[in-house]
Amino acid sequence: MVEKNIEGELAVLLEEGRRFFPPKSFSEKANIKDENIYEEAKNDREGFWAKFANELHWFKKWDRVLEWDPPHAKWFVGGKINVSYNCVDRHIQTGVRNKAAIIWEGEQGDQRTLTYWDLYREVNKFANVLKSLGVEKGDRIAIYMPMIPELPIAMLACARVGAVHTVVFGGFSAESLRDRINDAQAKVLIAADGGYRRGGIIPLKHDADYAIKETPSIKHVVIVERGRFPLRIKEGRDHWWHRLMQEAKPYCEPEPMDAEDMLYTLYTSGTTGKPKGIIHTTGGYLTGVYATTKLVFDLKDDDVYWCTADIGWVTGHSYVVYGPLALGATVVMYEGAPDWPDRDRFWQIVEKYGVTIFYTAPTAIRAFMKWGIEWLKKHNLSSLRLLGTVGEPINPEAWMWYHKYVGQEKCPVVDTWWQTETGMILITPLPGITPLKPGSATKPFPGVDADVLNEKGESVKIGGGYLAITSPWPAMLRGIYGDPERYIEQYWSKWNKGIYFTADGAKRDEEGYFWLLGRVDDVMSVAGHRISTMEVESALVDHPGVAESAVVGIPHEIKGQVIVAFVTIKDNHSPGKEMEDELKEHVVKKIGSIARPERIIFSADLPKTRSGKIMRRLLRDIAEGKVLGDTTTLADPGIVEKLKEKYTEE
Ligand code: ATP
Ligand code: MG
């Protein structure tokens, strides 16, 4: 319970006693069976990472594993490597050549399967297309596409010729695309005529036309024909993908890239404010995503792996494209929405392709909870053997639901904490050995040093504070594109230049488990206690009628702040005064009177980023009657308007 209040430390309110051990049948076959891996990595961190780097193909081996001049790191210094070579060429030299690399399903039920050989051919040809358009090593390329196989093909082709890609999520507006293209000074835009979403059409090329009116750096636009959607072609600038591919030569020599050459830039989700253009480089990044995919997802030759993230986000970069393909895995890719044509679409896909590993976000899990289990029951999910989650803290009840209904109590759940900036998973269970606690991302990955610190930078051994990463890791960001000062200021200045500030709160328990508590910007201060949003939200979601909630602190004369909770209830429950009182009592019972919400606002939806994360800062603006902050990354602006009305009415 709440005891101390040292600056920077967070109150610990929620107690979670449930434990889940890996099923014997799982651990016996797991890629990691032995706890010693943590000790080994600790004793020789560089050697640990070098071992994974050695499983990749290098044109020239590195001279030094790490050069650390805080806050600037170089990994595998002097090494020469090509990411596309590792994701395709390596596999066509073995039996993996004929294995499905990508099993793709369109929203309308159409299907395409590309073997590794197919992928090799397409990547090579498209790399030649890029060259024919004058693309050279170091050029930046913007990509604005739906979830179709041409998206990873385009990324891998960029990597092959040494061009730096910037994928802009297909759901972003013309303005967002324009700003990102201008920031990157991209030379070529690769887009599609459109994509399908919830039965409707997203007119990507049409939107792109608006964007490129104001992007002087763009010389060429390549358009994939996804749906014969109407569009205008500007002769000389716009080219059809399929026409260029017809003429392209079948082989393109992969560019030997320096380990520290840029692979891509990507913007953060923009949950807290203006998105940052994060830089990732080549050798360390690939090593990091390769190692984590192998160990965290326990990937085997015969797995059918499905990460539901859009490739427009970092999760899609690292765990749809680069990690799994570097391992020669079979990856499922789905174009559309989880509730189209019905709310069982995901489960239908799991059954159809026999998905064994399923990785999704808490926001999706909470939507499934809201919709009810009847949708799951329509399908045979017995192929699943491992589940994962990423993107937000997962409330223990959502974890339990996921484990019970999707995982049928036999699949370990890996709650993976990481960021666009970290490039790879940093805090996670290893599914064959880590006992799981619902709501905890458990422990730092071997070779990763994480700590919970207070304001002064002192380690909080047991309790809450700021999550910090205290040594460099291979896939770490190398900067913010075009803003080297902000890189230092934002991430490496809170304590000293060797300690990475994650901007997330966390607590550590007696067994050294990490529990993510949400963003430090969202932390509330009630009667002198610093309370995380996560714990109050989890107490609310613990009530059987609640599917999702977001809490914020608003100023109060006496208490400093009081808690306002926005709550989405499950489909078979109804809102009202009775429910409101019940929920307040439930929070008190669960974590104490200090956390009792002052107000509860029922809402069918919460404002979220386009990647599905709750934007508490906008809820705070609503609750304080302020002008709304940056809303460009908001998925549905209608929701905030409705909430605003509702808030002032009540
Ligand atoms: P911005 O930095 O622009 O505000 P963002 O932080 O949402 O956007 P991402 O890099 O996509 O952009 O998200 C990383 C953040 O997501 C983490 O810092 C953390 O807050 C949250 N997160 C991701 N995975 C987890 C997890 N397993 N548990 C708790 N929180 C998580
Ligand atoms: Mg962030």
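A residue is called buried here when its relative accessible area is under 20%, exposed when that area is over 50%, and partly exposed in between (1.4 Å probe, protein chains only). The model is predicted, so local features need pLDDT of at least 70 and side-chain atom pairs count only at pLDDT 80 or more, while totals for chains, interfaces and linings use all residues. Residues are numbered from 1 along each chain as its sequence is written, chains are lettered from A and ligands numbered from 1 in the order in which they are written, and side-chain values use heavy atoms, with hydrogens and water left out.

UniProt positions follow the numbering used here, feature names are shortened, and annotations may be inferred rather than shown by experiment. With a relative accessible area of 18%, Lys613 is buried. Lys613 sits in the loop between β30 (599-602) and α19 (616-623); helices (H or I, at least four residues) and strands (E, at least two) are DSSP runs, numbered from the N terminus. Beyond its neighbours within four places in sequence, Lys613 is in contact (heavy atoms within 4.5 Å) with Ser269, Thr271, Gly391, Glu392, Arg519, Pro607 and Lys608. The side chain of Lys613 also reaches the backbone oxygen of Gly391 at 2.9 Å. This is a polar contact, a pair of N or O atoms within 3.5 Å; within protein, one must be able to donate a hydrogen and the other to accept it, and residues adjacent in sequence count only if both atoms are side-chain atoms.

A polar side-chain atom of Thr420 lies 2.6 Å from an oxygen atom of ligand 1. An oxygen atom of the ligand is 2.8 Å from an N or O atom in the side chain of Gln419, and one is 2.8 Å from a polar backbone atom of Gly270.

Elsewhere, helix α7 (residues 174-184) has Ala174, Ser176, Leu177, Arg180, Ile181 and Ala184 as its buried residues. Seen down the axis of α7, these fall within an arc of 160°, so they line one face of the helix; the arc is that of the directions from the helix axis to the C-beta atoms. Their cover includes β6 (140-144), β7 (164-167), β8 (188-192), α8 (204-212) and β14 (262-267). Gln185, with a positive phi near 55°, follows the helix.

Strand β7 is covered on both faces, with Val164 and Thr166 buried on one side and His165 and Val167 buried on the other. In a regular strand the side chains alternate between the two faces of the sheet. Four bridges join β6 to β7, and the two run parallel; strands pair if DSSP finds at least two bridges between them. His165 is the bridge partner of Ile141.

Towards the start of the chain, an unreviewed UniProt entry places "domain: Acetyl-coenzyme A synthetase N-terminal" at residues 36-87. This span is 42% helix and 27% strand, and its end C-alpha atoms lie 29 Å apart. Strands β1 (residues 64-69) and β2 (residues 72-77) run antiparallel, joined by five bridges, and form a hairpin with two residues between them. Arg64 stands opposite Val77 in β2.
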